[in-house]
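Please look over the sequence and the model below before reading on.

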Amino acid sequence: MSPQVRELTEAGRDAPWRLAPTIRTAAIVVILLSLALITRTLPFGKMVEALSNWVQGLGVWGAIVYGLIYIAAVVGLLPASVLTLAAGAIFGLVLGTIVVSLGSTIGAALAFLIARHLARDAVARQVRRYPRFEAIDRAVGSGGWKIVAMLRLSPAVPFNLQNYLYGLTRIGFWPCVLTSWVAMLPGTVMYVYLGYAGRAGLEAASGGRTRSPAEWAILVVGLIATVVVTVYVTRLARKALREQGNLASNSVAVADETGKPALSKASRRGWGTVILSLVALGTMTLAVDVQATPGFIEGLLQRLAGPPRVVLREAYAANPSGPHFDHTDFDELLRRHVSEGGAVDYAGLKQDEVKLKSYLSRIADAPFDALGRDEKLALLINAYNAFTIQLIIDHYPIDSIRSIPSAERWDAVRWKVGPHTWSLNQIEHEQIRPKFREPRVHFALVCAAVGCPPLRGEAYLPRRIDEQLDDQANYVHSHDRWVRFDSESNTLKLTSLYKWYGGDFEQVAGSLPVYVSHYLPTLQTSLNQGRKPNVVWLDYDWSLNSKENLR
């Protein structure tokens, strides 16, 4: 075919793609706007926290398991950049860099071995469709590890593709692996640093530990320096690759091993535009769904990850001669506005808000650190429930506590208990669960939802705390909203509280069925007969626990 005919043929084939630049620009704008909406709505801080809790819950195996997941992603040709960012957020700069560096290097080494020894023909067929392969093969053959280093530092060839590509070249295994490890470090450090800095920003935004101006300056300067160095090294590598000739050039139509012409530059960009447009459509759809159902993702996270795992222990001693705290005001409010079954009259409580705020102000002045064990536990339970009521009143009328913006809900560090300021999650997961060997608290702490245990119509009192907690536990286990046992089918249906806090109950009783059997004689009989029940989780109703919803 003459050059003129080839040029006309390619021009005709590329004609449909002439609008591609305009479409790409529009798609990128849609993606950015959609991501902005998603970022504004989704609890990314909670996502990172959930993943972090899961990894930390594995103990010393956490980093190892994460590294294995990273290796699998690399070998599976999956984008690993998100895992790299997450590693910075979860493990910090130093350990995150070590985990990612080892994971990416081991993954690259396995891909190299697969391409060279296990699936050489299959990989070769795929790689030879890549227009630059022959140029890279020649360059690696003559330049060896130096070319590998430049390619690793430059985005000229996708990272995952390189891992398999080198297995088809003449370079040795160890020169390739060691060079890859060193050359990938700048990019690894940059992405891990981005994740680490992002985690710091999320903690500050959610009211976590505040950093001094000097710490922020060091963090920002370090991030800028990391990005600048990485970009500079990348530019040097790309310049060096251009000097290799065809290695960095944009090839036009070439033939693959089947004899069929490969896509020209314009055609490849055109198909890239189609993919980009589909991504834009997907992100836009997700953004609309997230705006319409803001609690869906958070609910999914809670179902998947649950709260952090803790070790139950008794951290406080009794102090009969110590100070006492009076809960009379809260007791009167509960008796007046909470009916049997835990139905709450929030409209009436809103009219009594002055009295509620007076009780909260006294909690803020409580001598918390000097209180004895039972005094502390009663105060923390009452404080949690009172704070939750105030949170609902602040936004009333609402249909669910999850209608309140995520940042203002359980993670908002705004509630004062004596000299301390905590979030609701901190009160539950840091001050109650790990400091009292008392899983019955899960039947006393009320999150203002129908699925929660009922709000008690009286305040918890130190002198009656054990009796009140036992009464709450008996109430929960006697109502099928939370617990059901069918002895014929040997099926035990439990509130999701048992799923989320299963570890707490197991630490006390050994297993969930054994714990539940303390309150269900029929289950106890079944267990004594050696029958292990099939556990099923009941749906959790997040509707507001108002008197309108609990008639």
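**Helix packing and the cysteines**

In α4, the residues Ala63, Tyr66, Gly67, Tyr70, Ile71, Val74 and Val75 meet Val99, Val100, Gly103, Ser104, Ile106, Gly107, Ala108, Leu110 and Ile114 in α6, where contact means heavy atoms within 4.5 Å. By class, this contact of α4 with α6 has twelve nonpolar, four polar and no charged residues; Ala, Val, Leu, Ile, Met, Phe, Trp, Tyr, Cys and Pro count as nonpolar, Asp, Glu, Lys and Arg as charged, and the others, Gly among them, as polar.

The model is predicted: local features need pLDDT of at least 70 and side-chain atom pairs count only at pLDDT 80 or more, while totals for chains, interfaces and linings use all residues. Residues are numbered from 1 along each chain as its sequence is written, and side-chain values use heavy atoms, with hydrogens and water left out.

Helix α4 spans residues 61-75 and helix α6 residues 93-118; their axes come within 8 Å and cross at roughly 40°. Axes are lines fitted to C-alpha atoms, for helices over the stretch in contact, and angles run from 0 to 180 degrees between N-to-C directions. The angle makes α4 oblique to α6, as angles under 35 degrees count as roughly parallel, over 145 as roughly antiparallel, 65 to 115 as roughly perpendicular and the rest as oblique. The crossing of α4 and α6 is right-handed (near helix turned clockwise from the far one by less than a right angle; left-handed if anticlockwise).

A second pair is formed by helix α18 (residues 373-395) and helix α19 (residues 424-432), which pack at an angle of about 165° with their axes 10 Å apart. This makes α18 roughly antiparallel to α19. The crossing of α18 and α19 is left-handed. Among the α18 residues that meet α19 are Leu377, Tyr384 and Phe387, and their partners in α19 include Leu424, Ile427 and Glu428. The contact of α18 with α19 has nine nonpolar, two polar and one charged residues.

The structure holds one disulfide, a pair of cysteine sulfur atoms within 2.5 Å. Cys447 and Cys452 form this disulfide, with their sulfur atoms 2.0 Å apart.

For the chain as a whole, buried residues make up 45% of the 551 residues.

Key:
Helix = DSSP H or I, 4+ residues; strand = E, 2+ residues; numbered from the N terminus. Buried < 20%, exposed > 50% of the residue type's maximum accessible area, 1.4 Å probe, protein only.
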